[in-house]
Structures are given as structure tokens and as C-alpha cells.
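Open the model in your viewer and keep the selection panel at hand. The tour goes stop by stop.

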Amino acid sequence: LDHPKIQKAMAKGIAIQKELAIADDIPFNYQEYSIKGIGKTGELIFDKTPNLRAMDAAKQGLDAEIYNPKNMDAFGNMQWTPALRATEKLRNALVTKLDDITTDPITKVSSYQKARAAWSGPQNLSEAATRGRNFIKGDEELAAKAVVAMSEGEREAFRIGARREI
């Protein structure tokens with residue numbers, strides 16, 4: 001939690017959640033993230049140890065940094081640099097920690113892992129539709145390889161995106 005990159009990512013993730021709340025016309029409450037204030041330089045001041053919401057916000061902030069369009073080429077492929085790989089490794093370590101702390105000792109099931117799995121299905125379909133819209137700009141061979149690796153639902157979303165682009 002003391003790592004500057006985690007703190008910065010947490011602030012970014014919480015800012016994203018605040019923007020989503022504003023967009024949905026829902027009041028945003030920093031206390032739901034164990035935050036009692038914001039310092040003069042923008043740092044988060046916690047009331048106590050950051051809760052799971054705040055830690056998930058850190059993961060979302062790291063995701064936003066990793067999957068920033070500036071890290072992708074014109075075809076949507078990641079341009080992995082050593083620094084970007086280090087950020088991904090930090091995010092993976094955070095996710096592992098969150099899985100560990102939310103694992104029921106009896107059932108050995110992580111509630112955080114289950115929540116990520118539930119969210120990833122719709123997200124994968126959205127990404128496949130975007131790839132479908134962008135396919136015409138890319139290498140046909142790469143597009144074919146990407147489609148083969150998709151699930152049937154992702155392929156359908158890809159086709160819908162491609163049709164929309166055409």
C-alpha cells in the first residue's frame with residue numbers, strides 16, 4: 001500500500017468511480033473507500049487501512065494505466081515495454097493479494113476472483129466488438145488469428161462490430 005504507484009493508481013481508480021457516480025447521478029462518498037480527506041498535493045488521507053473498495057480502485061487505476069490507448073498500436077495490439085510489464089506485474093501481485101484476503105478458509109473460494117470473472121464476460125464481448133470495428137484497419141492474418149482464439153460469443157460480437165464498421 002505504501003508503493004507510490006499503488007497510491008497513484010488508487011487515486012486514479014477512485015477518481016474513475018467518482019466520475020461514473022456523477023454520470024449516473026449518484027452521490028459519491030469518499031468514506032465508502034475509507035478516505036477521510038484529500039491532502040494539499042492530492043494524496044488520499046485514509047481514516048484507517050484502505051478497504052477492499054479502495055484496493056479494487058487501485059487495481060482499476062493500474063488497469064487504466066496498462067490498457068491506455070497510448071500503449072497500443074493502430075491495430076489495438078499492446079506495445080509492451082519493460083516499464084509496462086513491471087506495472088502489469090505489480091497489478092498481478094495486487095490481484096493475487098486481493099484474491100488471498102477474500103478467500104474463504106473453508107470453501108477456498110475467493111469472492112474477489114468470482115467478482116472479476118462475472119465482470120470479464122461482458123467486458124470480453126465489448127472488446128471483441130471493438131476489435132471487429134477496427135479489423136478493417138489491420139492485417140487480415142492477425143485478425144484471422146484473433147478471431148480463431150475467441151469464444152463463440154466473442155466471435156459474434158466481433159462480427160457485429162465489423163458489420164457496424166462496414
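**Stop 1: a helix pair.** Select α2 and α3. The two helices are roughly antiparallel to each other (angles over 145 degrees count as roughly antiparallel). Helix α2 covers residues 52-66 and helix α3 residues 82-101; their axes come within 10 Å and cross at roughly 155°. Axes here are lines fitted to C-alpha atoms over the stretch in contact, and angles run from 0 to 180 degrees between N-to-C directions. Helices are DSSP runs (H or I, at least four residues) and strands are E runs of at least two, numbered from the N terminus.

Before going on, note the ground rules. This is a predicted model: local features need pLDDT of at least 70, side-chain atom pairs count only at pLDDT 80 or more, and totals for chains, interfaces and linings use all residues. Residues are numbered from 1 along each chain as its sequence is written, and side-chain values use heavy atoms, with hydrogens and water left out.

**Stop 2: the contact.** Show side chains. On α2, pick out Leu52, Met55, Asp56, Ala58, Lys59, Leu62, Asp63, Glu65 and Ile66. On α3, pick out Leu84, Thr87, Glu88, Arg91, Leu94, Val95 and Leu98. Contact means heavy atoms within 4.5 Å.

**Stop 3: Lys97.** Stay on helix α3 and select Lys97. Is Lys97 buried or exposed? Lys97 is exposed, at 52% relative accessible area. The cut-offs are under 20% for buried, over 50% for exposed and partly exposed in between, with a 1.4 Å probe and protein chains only.

**Stop 4: the core.** Which residues touch the most other members of the largest nonpolar core? Select Met10, Ile14, Tyr33 and Leu94, out of 15 residues. Such a core is a set of buried Ala, Val, Leu, Ile, Met, Phe, Trp, Tyr and Cys residues joined through side-chain atoms within 4.5 Å. Helices α1 (4-23), α2 and α3 each give two or more residues. The most come from α2, with 5. Centre on Ile14: beyond its neighbours within four places in sequence, its contacts are Phe28, Tyr30, Tyr33, Ile35, Leu44 and Ala57.

**Stop 5: two loop residues.** Go to the loop between α1 and β1 (35-38) and select Asp25. Asp25 has a positive phi of about 55°, though not a glycine. Asp25 is exposed, at 73%. Ser34 is found in the loop between α1 and β1 too. Ser34 has a positive phi of about 65°, and is buried, at 6%.

Terms used:
Angles under 35 degrees count as roughly parallel, over 145 as roughly antiparallel, 65 to 115 as roughly perpendicular and the rest as oblique.
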